[in-house]
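I am opening a notebook page on a structure I have not looked at before. The entries below follow the order in which I looked things up.

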Amino acid sequence: MDKNLIRAMAEEYTEFLRDESRMVGKAESISFPQCEKEMVHIVKKMVDRQIPITLQGGRTGLAAGAVPLKGHVMNTSRMDKIVGMRKDDQGSYYLRLQPGITLSQLRKKIEMKAFDHHDWKVDDKKAYIEFCEEPEYFFSPDPTEASATLGGMVACNASGARSYHYGSIRSYVTSLRLVLANGDTVEIKRGTIIAKGREAELMTEQGNLLKLKLPQYQSPSIKNASGYYVADDMDVIDLFIGSDGTLAIISEIEVKLLKMPPVVWGISCFFTQEALAVNFVKEIRKKTDKVASIEYFDGDALEILRVQKKKGLTFANLPDISPEMKAAVYVEIHVETTQEAIELLKLLKKKIKKADGDTKHTWVARVDVDRDRLLFFRHAIPESVNMLIDERKKDCPTITKLGTDMAVPDEFLDWVINVYREKLKAKGIRSAVWGHIGDNHLHVNLLPRNEKEYELGKEIYAEWASEISKVGGVVSAEHGVGKLKYQFLETMYGSAAVEQMRSLKQIFDPLEILGRGNLFSFTEGQEEKK
Amino acid sequence: MAGLKIDYSTCDACGNCINTCPVKALYKRGNKVALEENNCILCGGCIDSCPYEAISINKKRTKTINREKTSGIWVYAEHKKGVMHPVVYELLGKGRELADKSKHKLTAVLIDGESSHLAKELIAYGADRVILCSHVLLESQQDEYHFDAMTTILEEEIPSIFLFGATSFGRSLAPRMAARLQTGLTADCTRLEVDDVSGNLYQTRPAFGGNLMATILCPDQRPQMATVRSGIMHAKEPDYYREGMIKRVNYKGKIKPNIEIINEIIGEKKESIGDASVIISAGRGIGSQKNMKLVRKLADVLGGQVGVSRPLVDIGWSEYPHQIGQTGAVVRPQLMITCGISGAIQHLAGIADAKTIIAINTDPEAPIFSVANYKIIDDCIEVLKMLIDSMEKKQS
Amino acid sequence: MKIVVCIKQVPSTNKVQLHPETNTIIRDGRKSVTNPFDTYAIEEAIRIKEKTGGKTIAISMGIPETEKLLKDAMGRGIDQAILLSDKAFAGSDTLATSYTLSLGIRELMPVDLILCGKMAVDGDTAQIGPELAEQLGIPHVTDVIEILEMKQSYLICKREIDNGYQLLKVKLPALLTVLKDINMPRMPSIEGVLQSETIEVIRKDARDLEAKTSKLGLSGSPTQVVKTFVPERDSKAIEISGNIEEKAAKVKNIIGEVLGNGRSQD
């Protein structure tokens with residue numbers, strides 16, 4: 001084993017103490033394992049001394065799941081290989097990945113069909129050669145930040161815009177290899193380990209049997225990334241997807257690829273009022289199922305982007321948005337023929353007119369270049385907001401952006417927007433709202449100017465969590481709970497359910513070494529009690 | 001009729017050519033590869049993709065011009081206000097080599113505002129002969145007059161090979177010339193070789209953004225024209241005792257120009273980091289903000305720009321316009337020296353198109369090394385200091 | 001003002017991929033796009049028309065599928081599109097292509113302005129513009145980054161040259177090739193896309209153009225590609241070792257090689 005595997009937390013590694021949530025943590029050591037064997041080695045070393053391990057991938061998370069509180073940081077970014085592929089009887093293709101590969105790397109390789117196949121087994125190579133002859137494939141989960149790693153995406157059950165049509169990453173994970181907190185390993189293939197009611201058994205490759213008692217609550221049927229997924233007679237693989245790095249370390253992932261639809265067009269529509277845009281969304285949802293994503297950006301978000309764009313550089317390449325536009329909806333259509341797409345365009349035109357929008361002021365991206373520009377536009381908005389907060393942080397270092405990640409059932413879309421707007425107006429806090437409106441999943445980003453507003457923002461956030469939980473909503477729909485939202489887990493499921501989750505974790509990880517602080521609160525001194 | 005031919009005696013119907021075809025002109029019919037002639041653009045991609053050499057292109061050619069009449073290898077001597085463009089000496093270096101191999105004479109064409117002292121210089125760098133065309137109208141780099149003068153010269157004789165620098169002037173003049181002479185031109189050649197029997201010039205150039213190299217011939221027309229970028233070929237040591245002849249061509253300057261140069265602004269071009277051809281970049285590993293000075297110094301010495309990884313902007317050691325990576329600038333320099341950058345995924349996304357990367361870092365496993373061409377496992381500050389020292393010595 | 005824009009269909013990606021079994025080049029031909037530089041020419045034509053009035057026409061030489069790109073140009077605001085398509089055009093190099101385009105444009109005369117992208121990203125030659133201008137017998141300016149003034153009989157433009165800029169007054173008709181900094185191309189609107197679907201692209205073949213067969217396609221192309229290959233690249237970084245002085249000296253040499261001032265070392 002490489003002597004340099006576990007390193008002291010030197011100055012040069014400080015960036016590994018934080019993630020996109022901008023929370024900064026502490027750690028004493030860090031490692032960059034390159035294979036499962038090294039992961040096992042590190043886990044065993046740490047567990048002997050009861051040192052907590054925080055897992056990291058691309059550190060793009062917004063819930064501080066990758067921020068260490070103390071102990072060891074295990075960063076998987078150097079495990080970024082595609083280790084094999086297979087084709088099943090139905091002709092579908094599956095890729096086996098190390099957890100550190102980023103979404104953008106994966107996409108590029110799938111698009112180019114360029115995999116480093118030299119070490120692959122004969123059967124995998126055969127599947128690859130067949131894959132090369134096939135038309136285009138794609139991997140559907142598409143969180144906005146494409147430098148997320150696959151391991152991180154599985155850990156928080158990542159979604160993205162296209163999950164409106166295709167669902168979250170859960171539906172595309174067909175196998176996981178895991179390293180448990182005691183150093184044992186296990187491979188779970190979808191469909192092979194099924195719970196009986198709420199009980200299940202899992203045998204590790206080292207021959208240890210784990211008897212699992214699953215929590216009793218009902219997992220919501222809407223888009224969700226809050227707490228463990230449980231259901232009667234569930235597939236045990238689903239327990240680990242969205243577990244925020246608290247149950248096991250993911251060392252290998254198998255994902256399913258989809259055939260790329262022949263025609264993919266993206267259309268951005270602009271409106272002068274939020275209500276018009278929302279009506280448009282509801283109409284589209286009612287009228288067609290050919291839509292892969294419906295995204296929303298409010299007037300504040302557009303304005304922040306306009307300002308950053310004027311400052312030049314990165315965002316200068318974006319098309320101008322007319323100043324009277326106060327809301328934007330992005331619709332992506334996935335269809336078989338151009339004719340079908342034209343028909344849909346006609347439908348959109350009708351609905352825009354009905355919602356009092358302006359059909360001349362729309363952007364239709366039919367070619368890759370234009371689609372990339374629209375994707376960049378979508379990405380630019382959260383980036384601009386981060387820049388704004390970074391500027392404010394210079395005056396007031398304690399503040400951070402407060403971004404919500406809650407979703408509600410379809411019939412509560414108007415209600416939830418109303419709840420947000422009323423509160424924001426009453427408290428006078430600046431915000432920017434965007435997100436996956438198709439799934440009634442909006443990110444409300446509170447932009448505090450000072451410490452007082454920051455505290456106020458936290459209060460508002462908690463109030464929203466409680467109101468939304470009451471109508472069957474979820475406190476985290478895609479970012480995961482991490483270290484920032486554990487108290488909302490209780491708001492959503494109740495304290496008994498959270499206790500059951502914690503008991504489940506302890507079956508896998510009795511010393512609470514993995515992902516300490518994620519999902520469950522953890523205060524110093526707690527470990528001595530155990 | 002020109003056309004694509006598939007030799008079915010060697011074709012294995014593997015389908016490589018079908019995948020390669022950009023216009024869907026090839027398809028599988030039964031267990032055979034078939035050609036839809038109406039779609040084929042004869043790009044030749046399939047020919048290279050075929051492992052069995054079963055595909056070929058049939059070509060019926062236009063009649064050849066008389067090769068005996070051509071007068072060797074010519075180089076266009078671009079200059080400005082009496083200063084020769086360095087690419088000219090490089091072309092003469094290459095031209096000399098080609099001329100020696102094919103036993104031809106090397107000629108430099110000098111179009112100038114006055115009978116110039118530059119002719120001697122051209123001979124020193126390898127020309128056997130200089131064609132000198134002087135006229136007061138030719139003083140400025142006014143394309144039209146130069147083009148007209150060139151036409152006058154070419155009315156008397158035509159070279160076998162004609163080389164231009166791929167400068168903005170050359171890239172404007174050479175294609176216009178090629179169209180006038182109805183001959184072939186190959187842009188941005190990186191390798192030139194001559195077949196001494198046929199006199200054919202094998203011109204190799206990058207295509208598809210450098211991802212593919214293509215070797216191009218112009219077998220039936222003369223001159224064979226090519227442009228070469230500065231810095232690709234090597235100049236010979238000048239020899240001021242070399243002798244050569246000078247041929248003067250009269251220019252009448254009778255054309256009425258369509259284009260008028262109102263103003264010329266030189267040296268004002270502002271390079272943003274995205275366009276920089278040299279970037280020295282710094283990351284957390286430089287240790288202290290004061291070391292940014294060293295990074296800037298090296299960038300200045302090499303005429304480049306300073307780039308940084310995101311953590312340096314976050315902690316205020318540098319400004320956002322310098323940030324490279326997914327959320328900063330995407331760069332594509334010829335040369336990049338990274339100092340103390342470990343190479344977070346987001347950073348690597350911004351430097352994927354850099355040509356040559358020299359990475360300096362203390363951690364032998366830093367991911368930056370996986371994309372670098374050269375790696376130095378050491379303290380970047382020590383290396384920087386030493387490097388700046390020796391660069392400055394060289395300059396003085 | 002009548003403005004013609006020349007556009008080219010190019011592969012959507014420049015990356016070369018090797019077939020896993022045969023190690024031969026796969027250029028995935030399934031996707032093609034408008035040459036990125038041409039999109040700036042399209043935008044500039046539309047902007048000029050919005051200011052001065054008149055008509056914009058896009059022209060391309062290519063396979064029938066190129067029609068899709070011409071429709072896309074119309075979706076952005078180009079008024080009319082012409083596709084020159086014929087088996088006889090196959091295998092054209094820049095000379096044969098510029099000849100064919102010149103025939104298509106001659107039919108549209110009088111034309112005030114012809115715009116081309118700086119170059120096509122698949123060939124990178126940047127030759128079509130000047131060659132086409134010569135075949136049409138009109139002046140040309142390459143690498144234009146701004147059109148400052150547009151008059152009936154002339155225009156004033158800013159051209160980028162190696163170490164600066166030139167301000168040029170150009171008599172019309174003329175041909176300009178444009179750089180990407182000249183503008184920010186707009187996105188097509190729903191209105192534009194639906195509108196473009198109702199306009200037919202005009203198709204012309206060699207006979208329509210009354211072309212000389214000997215100047216077309218492969219037979220009219222003086223250059224021919226005899227070989228293509230993927231340049232070899234070292235995938236692994238070469239380690240530079242030694243003491244500090246030695247390392248610095250080696251780096252200095254590499255810098256010299258890379259930046260091409262190899263002259264002093266020869």
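How many residues of chain A are in contact with chain C, and how many of chain C with chain A? I keep in mind that this is a predicted model. I looked up the contacts and found 35 residues on chain A and 24 residues on chain C.

Next I checked the buried area. Chain A and chain C bury about 2,600 Å² between them. Carbon and sulfur atoms carry 61% of that area.

Then I turned to charged pairs. I found three salt bridges between chain A and chain C. I noted one of the pairs in particular: A:Asp370 is bridged to C:Arg76, and their closest N and O atoms lie 2.4 Å apart.

Which elements give two or more residues to the side of chain A that touches chain C? I listed helix H3 (122-133), helix H9 (338-354), strand E17 (362-365) and helix H10 (368-395), each from chain A. Of the contributors, H9(A) gives the most, with seven residues. I also sorted this side of chain A by class and got 19 nonpolar, 12 charged and four polar residues.

My last entry concerns chain B. I looked up its domains and wrote down domain 1 (3-58), domain 2 (67-250) and domain 3 (273-395). Taken over C-alpha atoms, the centres of domain 1 and domain 2 of chain B are 38 Å apart.

Methods. Residues numbered from 1 in each chain as written. Chains lettered and ligands numbered in written order. Predicted model: local features only at pLDDT ≥ 70, side-chain atom pairs only at ≥ 80, totals over all residues. Heavy atoms only, no water. Domains from an automatic or database assignment. Contact = heavy atoms within 4.5 Å. Buried area = accessible area lost by both parts, 1.4 Å probe. Salt bridge = Lys/Arg side-chain N within 4 Å of Asp/Glu carboxyl O. Helix = DSSP H or I, 4+ residues; strand = E, 2+ residues; numbered from the N terminus. Nonpolar A, V, L, I, M, F, W, Y, C, P; charged D, E, K, R; others polar.
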